[in-house]
Amino acid sequence: MKFLEHRAKEILFRYGIPIPKGEVVETAARAAAAAESLGNRVVLKAQIPAGGRGRAGGIKFALGPEDARAKAEALFKTRLITPQTGKQGLPIRSILVEEAVSFRSEFYIGAAVDRSQGRIVLLASPRGGIEIEETARTKPDAVFREEIDPFVGLLPYQARRLAFALGLTGESQTQAAAIITGVARAFLQNDASVIEINPLALTDEGRLLALDAKVVLDDNALFRHPDFRPPADDPDADPAEAAAARVGLNYVRLGGDIGCLVNGAGLAMATADQIQAAGGRPADFLDIGGGVSEDAVREGFKIVVSDPGVRAVLINVFGGIVRCDLVARGLIGATKETGARVPFVVRFQGTNAAEGRALLAASGLAYEPAETMGEAAKKAVAAARGGSRS
Ligand code: GDP
Ligand code: MN
């Protein structure tokens, strides 16, 4: 679960991390009022669940309430497209209006799970700001790290070492160590998977301030943090994911053009790999799981083809508890309702595979059968390349 910037900042604030004064608004009039109370120079920050806003025009400076109103109005009308949003971009539903801060330098502080070490790692870099991804790639030496021992947590000397690596001295070094300690505590206590402060700015007055924040929690631990559970009508939820959840299925968007309907997450990932190996890109995977009903299969297929980016669908079912004939009935039902809008490839193996294939053949549906996963992936890639939607 990923929080918007202002929620991430609220969480970090509780761990002693200083943030600028600000207000979240949902209308241009409120942005003007916020600017009025915050002072002359403010920053308007588009609240979308993605980064890269600075470069994409999602961060605007305004002088006075009228300027803030005009700029907020323009932001509310845009869909923001950043390298992290996908091509369609995201609507801006709220704006964080903050006092604009002048600063001398921008640092990066992060915490993440290092899977290769099986440990939480804290990261710090004196080269923060919008170039951090580039810096991490081209100058990895400029990113310093400390692993947290799960039994003892982050030790004071580790926080001091990172603060020192930022090139800070005196009072601000002490402040940086406290911020780093706060990030580690926030990470552990909330079962986070990522926390980032970028930039952590050193203001002209010599104070450290978190100008941007990102907090992602591990969904599997959300049961331990009921306060953080998203509302059922979360406007930022992926609509396909939400629709799938309503019928008890798991949908994961991957961004390519081949939709995948598969039983079991392991098989789904293997299917995605096969598509990639055949030179294609999976659009998603929809895991229909074990005890699925015909209705859920039908809804699942409709969800997969509702993505306008999908140019072919691969149905890969290894029947165990799931019977292939039931899946076939669901598919036939779905295509009756929606029409066969994209070409699809079906690979059935296991329980009632022959019955499933016979049902599909008798239905008169145009589809490509496949025996193996490799063959199915190749056919789906070819169909996505050649196929055009009707
Ligand atoms: P991101 O691009 O989505 O990561 O958005 P950020 O919140 O990090 O903003 C991008 C850049 O805008 C930062 O690196 C800062 O340089 C600048 N910025 C953000 N907030 C402020 C602010 O209050 N004052 C000033 N002067 N610059 C800011
Ligand atoms: Mn940032």
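User: How many salt bridges does the structure hold?
Analyst: This is a predicted model, in which local features need pLDDT of at least 70, side-chain atom pairs count only at pLDDT 80 or more, and totals for chains, interfaces and linings use all residues. Side-chain values use heavy atoms, with hydrogens and water left out, residues are numbered from 1 along each chain as its sequence is written, and chains are lettered from A and ligands numbered from 1 in the order in which they are written. A salt bridge is a side-chain nitrogen of Lys or Arg within 4 Å of a carboxyl oxygen of Asp or Glu. The number of salt bridges in the structure is 25.

User: Which residue forms a salt bridge with arginine 253, and is that partner buried or exposed?
Analyst: The closest N and O atoms of arginine 253 and its partner, aspartate 307, are 3.4 Å apart. Arginine 253 lies in strand S13 (residues 250-253) and aspartate 307 in the loop between helix H10 (294-306) and strand S16 (312-319), so the pair ties together parts 54 residues apart in sequence; helices (H or I, at least four residues) and strands (E, at least two) are DSSP runs, numbered from the N terminus. Buried means under 20% relative accessible area, exposed over 50%, and partly exposed in between (1.4 Å probe, protein chains only). Arginine 253 is partly exposed at 36%, whereas aspartate 307, at 11% relative accessibility, counts as buried.

User: What separates glutamate 375 and lysine 379 in helix H13?
Analyst: The two side chains meet in a salt bridge, 3.0 Å from N to O. Glutamate 375 is partly exposed at 28% relative accessibility, and lysine 379 is partly exposed at 26%. Because they are four residues apart in helix H13 (residues 373-386), they are separated by about one helical turn.

User: Which residues coordinate the manganese ion (ligand 2)?
Analyst: Donors are N, O and S atoms within 2.8 Å of the metal (3.2 Å for Na, K and Ca); water is not among the atoms, so sites may look incomplete. Here the donors lie at 2.2 to 2.3 Å, and they are O of Asn198 and OD of Asp212. Asparagine 198 is in strand S10 (residues 192-203) and aspartate 212 is in the loop between strand S11 (208-210) and strand S12 (213-217), 14 residues apart. Both are buried, and the coordinating residues are Asn198 and Asp212.

User: How many bridges join S7 to strand S8?
Analyst: Two strands pair if DSSP finds at least two bridges between them. Strand S7 (residues 103-114) pairs with S10 in the antiparallel sense over eight bridges, with phenylalanine 103 opposite threonine 203. S7 and strand S8 (residues 119-125) also run antiparallel, with alanine 111 opposite leucine 122. The bridges that join S7 to S8 number seven.

User: Which residue in the hairpin of S7 and S8 takes a positive phi?
Analyst: The hairpin has four residues between the strands. The phi in question is near 65 degrees, and the residue is glycine 118.

User: How far apart do the C-alpha centres of domain 2 and domain 3 lie?
Analyst: Domain bounds come from an automatic or database domain assignment. That assignment gives domain 1 (21-99), domain 2 (103-224) and domain 3 (239-386). The C-alpha centres of domain 2 and domain 3 are separated by 42 Å.
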